[in-house]
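Please keep the view open while reading.

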Amino acid sequence: MAPSPVIEIEGIWKTYHPGDFAVHALRGVDFSVDDGSFVAVMGPSGSGKSTLMHILGCLDTPTSGTYHLGGQDVSTMTEQELARVRNRRIGFVFQGYNLLPRLSAWRNVALPLVYMGVSPNERRRRALDAIARVGLADRADHRPNELSGGQQQRVAIARAFVSNPSVILADEPTGNLDSIAATEILDFLRELNRGGRTLVLITHDREVASAAPRLVQIRDGQIASDEMAVRA
Amino acid sequence: MKLRDTLSSGFEALLGHGLRSLLTILGILIGIAAVILTVGLGEGAQSSVSSAISSLGSNLLVVTPGSTTSAAGVNGGLGSASTLTLADADALESKRVAPNIASVAPSAQTISTLTAGSSNWTTSVVGTTPSWLQVRDRSLAEGSFFTHQDVNGAADVTVLGATTAENLFGVGSPVGQTVDANGVALTVIGELTSAGSSSSGTNEDDMALVPITTYEEQVSGGTNPTSVSTIYVEADSAAGLSGAYQETTDLLLALHHINQPANADFTITTQSQLQSTANSVNRTLTDLLAGIAAISLLVGGIGVMNIMLVSVTERIREIGLRKAVGAAPNEIRRQFLVEASSLGLLGGIGGVLLGLVGAIVLPHLESNPVTISPTAAIGAVVVAMAIGLIFGVYPASRAARLSPIDALRNE
């Protein structure tokens, strides 16, 4: 049975008006991602890949075009509804980790569950479980500033999958890390993908992008190429 | 997000900036303490004035001379005329003409220096009649009061207030001793029971009472020997007060040959009038102080808003992240409102506690009592929380409106 697309966007435009003039960050992007696949989106800065990532992550809405996430049209949703979609169906991994400095590692991981309305005991159990899966069980009570960059990003990965989302969006997840930590993080992400989660990796680094079997290149707000890597 | 989580997350954020939160709370706390203390002082003063006025005697009317108006039309002010006389007082005492009047005590007074042996004391010497004791609701600690015979015969006797007696004769009994007033030797025949402290400005324990005739003939040496400064009229009952008021007015108008009540040359004051005058003076003062205190509360509220705006700016990344993991705008708004109203609530509770400490300490520093009612205390806490909430609305809405992209981009 052919996998169904979890992400389906058609004719997406995104236009900004920073002054009297209009800037078209995206100019009619068509793009779909199969459920359980792993896609790298690559492009230089200013290419529109960040804008695409914001729209895919439901952090922003397109000016025109449609976006179906898991069969649901999210391009016309209110902010309230989008918050719910982000909470249930999307896990984010950012370049800057974005952990809350005052909270311990496991409580950072538990944050999406708080907004899901999960009970405190259940939150703790699931968060500790997730943090153990990224190999940081012994660091669960540490605060972010007591962890290395690689460890912080692992906490962030645990936070991204703790809510069991269908899609994980990783925006330059290795951008702040040395090559050893970067390899480790990519391994964890691949591991998640093998577990059945759709993974979209946004990067400007060809080497990082090569971890994905499918590479989409963006230039000037349009898809320049979309190809499957030839595997040996 | 569940309410419990919103609350605990709010408190954690406040604890995360302990000193800053404390200082903001202090702003509200001082405002609330100031409000609750000024209102408490006002209420305390009001109740002490009320008790002082009721200590004047029950069912009392106070008749004072009206104002004089010179040929040029200059009003001399209340009490400047000497229109009340002993004859007026005698007429009021008639049961036939004024059935609602139980007793009448005319009184005239002057400030005079009394001498007893080597001690002397300046006090008000009051000339009056035996009914004074009943009308003013006072009693004797020892000795006796002067009689109608004493008044008729202008006897050289006096009854001293507790303060006056103590200053002239020390702790010993004054009865039987002699005091000298303006060269007249007066025999002390009694001492009044202390009336207690009075916040109305006059000391009811510092006076020397003499028969009104003795006063007119010997002590005052005035030019108008039959005029009196006040006539105290006691009604037979509280219900008879308005009857007594009417009888006094009618009789005095007739005696003074005045046709128009508007031209009356005397003023009748009732206790409730005295009380409302005193209360209104009090209320004005309390309002003024409470107004100043409210301004300080407003400043405290602006402090909350200021700190919340700083907090929103500072936690812009946190807000972005929370939104990315699923916080809806109203959940962010609620979180900041909880923080702002907690600042207000804690300030309110602290302010009430400080106010209670003040209510205990203040009466030891000055004589004014402070009354803090539970209603005022609860009201103050609610107001403080509301101030936190109101001044938190704008910062919280700003946080809620933040776009998650802009918030996350902020490096």
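1. First, a term. Two residues are in contact if their C-beta atoms, placed from the backbone, lie within 7 Å. In chain A, consider the contacts with a separation of 6 or more: residues 24 or more positions apart account for 69% of them. Keep in mind that this is a predicted model.

2. Chain A in outline. Its secondary structure comes to seven helices and ten strands. The chain has 232 residues, and buried residues make up 47% of them.

3. The six-stranded sheet of chain A. The strand order is β6-β7-β8-β3-β9-β10, the sheet is open and the pairing is mixed. Which strands stand at the edges? They are β6 (90–93) and β10 (222–228) of chain A. Each has a single partner strand, so one side of each is left without a neighbour in the sheet. From one strand to the next, the twist averages 20°.

4. One end of that sheet. Strand β9 of chain A covers residues 214–219 and is joined to β10(A) by six bridges. The two run antiparallel. To find the pairing on screen, look for A:I218, which stands opposite A:I223 in β10(A).

5. Helix α5 of chain A, residues 149–161, lies across β6 and β7 (167–171) of chain A. Its direction is at about 170° to β6(A).

6. The four-stranded sheet of chain A. Here the order is β2-β1-β4-β5, again in an open sheet, and the pairing is antiparallel. The edge strands are β2 (23–34) and β5 (72–73) of chain A, each pairing on one side only. Inside the sheet, β1 (residues 5–16) of chain A is joined to β4(A) by five antiparallel bridges. A:E8 stands opposite A:H68 in β4(A).

7. Strand β4 of chain A, residues 64–69, pairs with β5(A) over two bridges in the antiparallel sense. A:H68 has A:D73 as its bridge partner in β5(A). A:L69 stands opposite A:Q72. The hairpin has two residues between the strands, and A:G70 takes a positive phi near 60°.

8. Helix α6 of chain A. It spans residues 179–194, 16 residues in total. From first C-alpha to last it reaches 22 Å, close to the 22 Å expected at 1.5 Å a residue. Its buried residues are A:A182, A:I185, A:L186, A:F188, A:L189, A:L192 and A:N193. An α-helix has 3.6 residues a turn, so residues three or four places apart point the same way.

9. What surrounds α6(A). Its buried residues pack against β3 (38–42), α5, β7, β8 (198–203) and α7 (206–209) of chain A. The face turned away from the buried side carries the exposed residues A:I180, A:D187 and A:R194. After the helix comes A:G196, whose phi is positive, near 110°.

10. Helix α8 of chain B. This helix has 15 residues, 241–255, and reaches 21 Å from first C-alpha to last, close to the 21 Å expected. Buried here are B:L241, B:A244, B:E247, B:T248 and B:L252. Seen down the axis, they fall within an arc of 120°, so they line one face of α8(B). Their cover includes β1 (60–65), α3 (86–92), β2 (101–116), β9 (230–235) and β10 (266–270) of chain B. B:H257 follows the helix, with a positive phi near 55°.

11. Where the chains meet. The contact takes 20 residues from chain B and 21 residues from chain A. On the side of chain B that touches chain A, the elements giving two or more residues are α1 (3–16), α10 (316–324), α11 (329–365) and α13 (404–409) of chain B. Which of chain B's elements gives the most to this side? It is α10(B), with five residues. The residues on this side of chain B divide into ten nonpolar, two polar and eight charged.

Notes. Residues numbered from 1 in each chain as written. Chains lettered and ligands numbered in written order. Predicted model: local features only at pLDDT ≥ 70, side-chain atom pairs only at ≥ 80, totals over all residues. Pairing = 2+ DSSP bridges. Axes fitted to C-alpha atoms, helices over the stretch in contact; angles between N-to-C directions. Expected span 1.5 Å × (residues − 1). Buried ≥ 20, exposed ≤ 12 C-beta atoms within 10 Å, placed from the backbone. Arc of directions from axis to C-beta. Nonpolar A, V, L, I, M, F, W, Y, C, P; charged D, E, K, R; others polar.
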